[in-house]
Amino acid sequence: MTQNFFTLLNLPEAFVVDLKKLDQHYQAIQKEIHPDRFASLNDEAKMESVKKTAQVNDAYQTLKSSVRRAEYLLHLYGFDINEEKYSAVPQDFLLQQMEWREELEVNSKNKEALEKLASEVSIKKNEKIDLLPTFFHEKNNLPDAIKLTRELNFIEKIEQHIDDALIEVS
Amino acid sequence: MALLQIAEPGQSTLPHQHKLSIGIDLGTTNSLVATVQSGLPTILKDKDDHVLIPSVVHYGKNITHVGHDALPFLLTDAKNTIVSVKRFMGQSLNHIQYKDALPYEFDETSQDIQLKTEQGIKHPIEVSADILKKLKTMAEVSLCGEVTAAVITVPAYFDDTQRQATKDAAKLAGLNVLRLINEPTAAAVAYGLDQKKEGTFIIYDLGGGTFDISILKLHQGVFEVLATNGHPHLGGDDFDQAIAEMIKKTCSLNQLNHEDKRSLIMEAKKIKESLSTHPDVTAKFTLSNGKDIVFTLNRDTFILETNDLVQKTIQPIKRALSDAKLPITSIDGVVMVGGATRMPHIQSEIKTFFKQEPLNNLNPDEVVALGASRQAHTLAGNKSDQDLLLLDVTPLSLGIETMGGLVEKIIHRNSTIPVAKAQEFTTFKDGQTAMSIHVLQGERERVSDCRSLANFTLTDIPPMVAGSAKIRVAFQIDADGLLSVSARELSTNKETSVTVKPSYGLSEEQMIHMLTQSFENAEEDKKIRALSEAKIEGEQIITAVQNALHKDGKHLLTQDEIKDIQNAIYTLSSSLKESDADLIIGLTKNLNALTESFASKLMDQSVGNALKGKSIDKVNL
């Protein structure tokens with residue numbers, strides 16, 4: 001059975017996470033169970049350690065990123081945001097996305113324009129992330145949390161594409 | 001089992017016994033061995049005081065020379081003298097660059113790289129094993145004792161096949177590998193501990209044949225790799241090759257024999273090294289047909305001609321920074337590793353790129369082996385550096401082939417290892433009992449652009465209506481960066497068998513064949529050794545289980561479980577008085593199996609212990 005990631009890392013099950021504490025708890029556990037602690041021992045001990053460490057790594061990576069944490073929390077509440085029924089995207093966000101993609105395509109060789117686009121996208125992303133705590137607070141507004149998390153998933157994909165273009169340019 | 005250690009970190013089961021462990025930097029051009037002596041990592045020297053052991057093997061009629069002993073044959077017997085074999089590890093024949101410039105005879109009938117030598121066909125894994133054997137013996141002579149375990153370094157950008165090949169070579173050499181660690185990580189360990197540094201560092205590691213970039217966060221003994229990137233076939237050798245091509249062109253040389261090809265590369269290397277300290281260099285040498293060659297090269301031309309090679313290292317740096325989500329300004333230092341970083345134009349390029357002076361305060365040839373020896377020392381169970389923790393990542397994404405020749409990524413590059421991910425599959429025909437899965441490594445979208453790792457066939461799927469079987473395939477990358485796969489049919493909870501057919505590398509049969517060959521003359525030794533190893537392992541496990549039972553048995557196990565375990569301990573300990581290795585191994589396995597769930601409970605308990613006292617604070621929402 002996969003353990004609840006929050007329980008595993010001894011953190012309260014909530015969207016707002018104390019990132020410093022997350023790091024501390026993660027490293028404290030790693031120091032005890034990492035395969036390096038069992039390198040000279042027998043295979044069974046090594047295997048147990050690899051299994052558990054992989055789980056702790058997964059938990060840590062998920063809780064570290066706001067977007068993945070939101071997605072995971074929704075999953076715990078019984079919502080799979082990748083389901084068909086949530087696929088409708090608000091008109092304004094759709095337009096915004098198309099605008100960004102067009103800008104990326106037109107400026108794929110222009111470093112300054114790409115950097116400007118990257119910072120614009122990043123600002124929009126952070127604005128959306130900042131809305132999540134209120135939506136999640138006492139499960140205040142989960143439908144909007146779902147909508148926002150989906151949008152953030154799209155934004156992260158665009159961010160990656162802009163980044164890739166920036167690496168190719170210059 | 002021996003899981004009790006997790007409750008008492010640093011306490012080895014046999015504290016009185018100091019274990020000889022070594023760190024090996026198995027390099028393209030040179031290899032090094034280091035060990036921790038009185039708490040300090042030290043590079044070991046051979047009988048002639050050499051520190052760098054050339055990664056060169058000569059296969060003579062009845063004799064194999066390795067290292068310095070093989071050097072005299074470089075020019076006199078080029079075909080049988082293998083250099084830079086690391087570049088062949090885990091590769092297929094059509095992956096080799098400059099194949100025609102190499103003085104070897106390849107077996108062209110095989111997709112695998114097979115070198116025809118005086119001693120018959122040699123696989124790169126066997127050549128590497130011969131280098132490792134030499135290093136092991138050298139360490140044993142120097143340390144006056146048997147080396148029990150080793151850490152071997154590999155380029156961070158090595159894929160699964162190349163790592164597996166390295167591990168196979170160690171097995172052939174009779175080395176117990178505690179861990180494969182990434183070269184830049186090993187360098188960071190040596191650097192961080194030596195200079196007592198904290199912060200975010202980039203390791204720029206340009207060796208003889210490989211290029212790695214790793215970004216690490218160093219904080220209170222934790223070395224966390226944030227991202228890694230690199231180029232699997234880029235190193236000092238390519239700069240030599242570029243100069244050799246210039247000589248060929250300038251002096252209109254074609255149709256060279258094996259020895260001339262070799263001397264051209266050796267001269268090129270000398271020119272490259274001189275250019276690091278001289279503005280221009282003239283080489284004079286004679287070809288085997290008596291033709292005299294005079295060739296002059298100045299540094300500016302060299303820089304111009306090899307600029308594309310230097311630029312090839314910049315792209316991976318940008319990718320690593322992007323993956324780590326770090327701006328260039330957040331880098332506290334750039335550590336230069338590998339002999340090729342001595343070239344002045346590399347130093348200046350890196351200085352310009354990072355806008356800071358690169359760090360060269362440790363010997364770029366030795367730093368990897370020194371770091372590896374530290375890690376070997378800790379992993380072997382010696383008490384020291386207990387707070388040292390390396391968190392490394394997998395360099396390449398792992399995926400499976402889906403419809404239309406595309407790759408679906410399952411584990412993303414730069415995931416912290418160990419990592420495990422599962423994927424569910426279903427059958428598309430009624431009564432289907434088998435299924436093929438193609439595993440690939442790489443970042444590209446198309447199957448043909450990625451590295452094929454293996455084809456798995458899942459068999460024994462219970463026959464069902466199409467789409468109703470649910471097969472969960474779990475992919476796991478362990479702390480060595482090596483992949484393993486398991487599968488289970490969910491509706492019947494039946495384990496499906498996985499047949500692994502590696503796309504490259506050695507099959508199980510080839511491995512066994514090579515192993516038996518290398519032990520042919522030592523059959524008796526092998527038996528004695530197997531028995532003593534079995535006894536040691538048996539004793540260790542008994543002590544470990546007894547301690548664990550004593551400490552945690554009562555609250556984690558039932559009366560019956562304890563009784564069964566005690567019985568197994570009794571039969572195993574009686575067998576230790578006999579000389580039947582197979583029996584001891586069997587009974588050890590039996591005890592291991594019996595304590596498996598106990599091990600898992602102890603692991604959970606130690607997660608709890610790790611966080612004891614760290615109470616959940618109220619978080620204001």
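Predicted model: local features only at pLDDT ≥ 70, side-chain atom pairs only at ≥ 80, totals over all residues.
The expected span of a helix is taken here as 1.5 Å times one less than its number of residues. Helix α11(B) runs over residues 367–379, 13 residues in all, and reaches 19 Å from its first C-alpha to its last, close to the 18 Å expected. A residue counts as buried if 20 or more other C-beta atoms lie within 10 Å of its own. By that count 13 of the 13 residues of α11(B) are buried, so the helix is largely enclosed by the rest of the structure. Just past its end, Gly381(B) takes a positive phi of about 95°.

Zooming out, chain B splits into domain 1 (3–232 + 361–391), domain 2 (236–308), domain 3 (398–504) and domain 4 (512–608). Between the C-alpha centres of domain 2 and domain 3 of chain B there are 48 Å.

Chain B also holds an open, mixed sheet of five strands, ordered β17-β12-β13-β14-β18. The edges go to β17 (333–337) and β18 (389–391), each with a single partner strand, so one side of each has no neighbour in the sheet. On average, neighbouring strands here are turned by 25° against each other, direction ignored. Further in, β13(B) (211–219) and β14(B) (222–231) pair antiparallel over nine bridges, and Leu216(B) has Val225(B) in β14(B) as its bridge partner.

As for how the chains meet, 37 residues of chain A are in contact with 43 residues of chain B. On the chain A side, α2 (19–33), α3 (43–64) and α7 (142–168) each give two or more residues, with the largest share, eleven residues, coming from α3(A). That side has 15 nonpolar, twelve polar and ten charged residues.

Methods. Residues numbered from 1 in each chain as written. Chains lettered and ligands numbered in written order. Helix = DSSP H or I, 4+ residues; strand = E, 2+ residues; numbered from the N terminus. Buried ≥ 20, exposed ≤ 12 C-beta atoms within 10 Å, placed from the backbone. Contact = placed C-beta atoms within 7 Å. Nonpolar A, V, L, I, M, F, W, Y, C, P; charged D, E, K, R; others polar. Domains from an automatic or database assignment. Pairing = 2+ DSSP bridges. Axes fitted to C-alpha atoms, helices over the stretch in contact; angles between N-to-C directions.
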